[in-house]
Amino acid sequence: MYKKTTLPSGLRVLTESMPAVRSATVGIWADVGSSVESQERRGISHLVEHMLFKGTERRTARQIAETMDGVGGNLNAFTDKETTCYYAKVIDRHVPLALDVLADMFLHSTFNPHELNKEQKVVLEEIKMYEDSPDELIHDVFLQTMWSGSSLGEPTIGFADTVLHITPDDLRAHMRAHYAPNSVVVAAAGNVEHGRFVELVAEQFASFEGACRLPEPEGPATTPAAHVRFKDSEQAHVVVGTRGIDVRDDRRYALSILDTVLGGGMSSRLFQEIREQRGLVYSVYSFQAAYRRAGLFGVYAGTSPENVQPCIDVILEQFARVRGAQIDQSEFQLAKEHIKGSLTLSLESSSSRMIRLGRNEFALGRQVSPEEIEQRVDAVTQDDVQQLARELLRDENLGLCIIGPVDESAIAWSRNAA
């Protein structure tokens, strides 16, 4: 199902055919994210992503938007810690057009100073939006707390003072340093034919040459601490977490089961104990943040200020429970089936498959089939999960982050409070 061709330039082309659908998603990936940025250029990778939509030598920003809207397509992009992706989802017959627009943006953006000035203001509004969304902001605060002093821990979006000082020349220099055939992957999933798609990519990227130094993945030390940020809001937002494992670690399948058991669905322990049994929250879940040489694992809860301590106590109780005893067979099997079922459902989307192609290529250097994932999940034992819980969920590994109308002195936290 997966096919890969490396062009003479070094540019990699990946496809996954889904002949039963009428859509296709095309993505151009760059092996660069916010973890490579210097302190004074925080947010530059994300700003480059924004600016590629703001006009090329052939198209204005409006024409880029109208071209995709005119065929009912969806054009978007995202920047994370280690990669950047520009993608379009279209009806299969419009794949050549989608690739033409994406390649035009990728190779021929003008970085007009007037457009940059406007887009810097847009990014500042985006930063303000996050500041007003504590349920999202708390995850950035958690990474900054647990990976203090590292680039990986800093917010991808950057800061107002750094974003405002970036110039068109800075953007061009960033692209020259990190956008080259050896650091770029063009991926497509859906109703596409590999040979024809490779021909299209070769045509569009005929002038794309050279090479760049590939980023060295960062593996920061974990710095567990307690961080409370006062915010006058109706709810307090809480994360209790620990170091995790990197995306290349074979124990990731055991961690997925642990994640599912603790907070991966409505039947999970934390959902049942905190929401269903006690009625303390509307939203509670566990999550993973996994990168090439580092990872974090945590639990999020949004609750009233007076319920912060009870939520923390229940989370710690559940950590102790999963450390102290093996998951029983029925719960263990339910978690495995949940993971496999969620995977199968996600594969019905061409966008999800395209994103899997790019992420697997950069993170693992190969494609991992759904069948292999299911086999690896099935091979995990109850003892594997308990051993991982004992390693990761130890008291001295735990950090606490809170955003909300909470007095730090009122929180009982004796582990690594700072």
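Two strands count as paired if DSSP finds at least two bridges between them. I start my notes with that rule, and I keep in mind that this is a predicted model.

I looked up strand E1 (residues 2–6) and strand E2 (residues 12–17). E1 and E2 pair in the antiparallel sense over 5 bridges.

I wrote them down as Ile44, Ser45, His46, Leu47, Val48, Glu49, His50 and Met51. I then asked what covers the buried residues of H1.

Two packed helices are described by the angle between their axes and the distance between the axes. For H1 and H7, I read that the axes come within 10 Å and cross at roughly 100°. Angles of 65 to 115 degrees count as roughly perpendicular, and H1 and H7 are therefore roughly perpendicular to each other. On the H1 side I listed Ile44, Ser45, Leu47, Val48 and Met51, which meet Asp170, Leu171, His174 and Met175 in H7. I sorted the residues of this contact into 6 nonpolar, 2 polar and 1 charged.

In what order do the strands of the open sheet run? I read the order of the 5 strands as E7-E11-E8-E10-E9, with mixed pairing. Strand E7 (226–230) and strand E9 (281–290) stand at the edges with a single partner strand each, so one side of each has no neighbour in the sheet. From one strand to the next, the twist averages 15°.

**Entry 5, inside the sheet.** I looked at strand E8 (residues 236–243) with strand E11 (residues 399–404). E8 and E11 pair in the antiparallel sense over 5 bridges. Val240 has Leu400 as its bridge partner in E11. I also checked helix H11 (residues 308–324), which packs on the sheet and touches E8, E9, E11 and strand E10 (295–303). The direction of H11 makes about 25° with that of E8.

Conventions: Residues are numbered from 1 along each chain as its sequence is written. This is a predicted model: local features need pLDDT of at least 70, side-chain atom pairs count only at pLDDT 80 or more; totals for chains, interfaces and linings use all residues. Side-chain values use heavy atoms; hydrogens and water are left out. Buried means under 20% relative accessible area, exposed over 50%, partly exposed in between (1.4 Å probe, protein chains only). Helices (H or I, at least four residues) and strands (E, at least two) are DSSP runs, numbered from the N terminus. Contact means heavy atoms within 4.5 Å. Axes are lines fitted to C-alpha atoms, for helices over the stretch in contact, and angles run from 0 to 180 degrees between N-to-C directions. Angles under 35 degrees count as roughly parallel, over 145 as roughly antiparallel, 65 to 115 as roughly perpendicular and the rest as oblique. Ala, Val, Leu, Ile, Met, Phe, Trp, Tyr, Cys and Pro count as nonpolar, Asp, Glu, Lys and Arg as charged, and the others, Gly among them, as polar.
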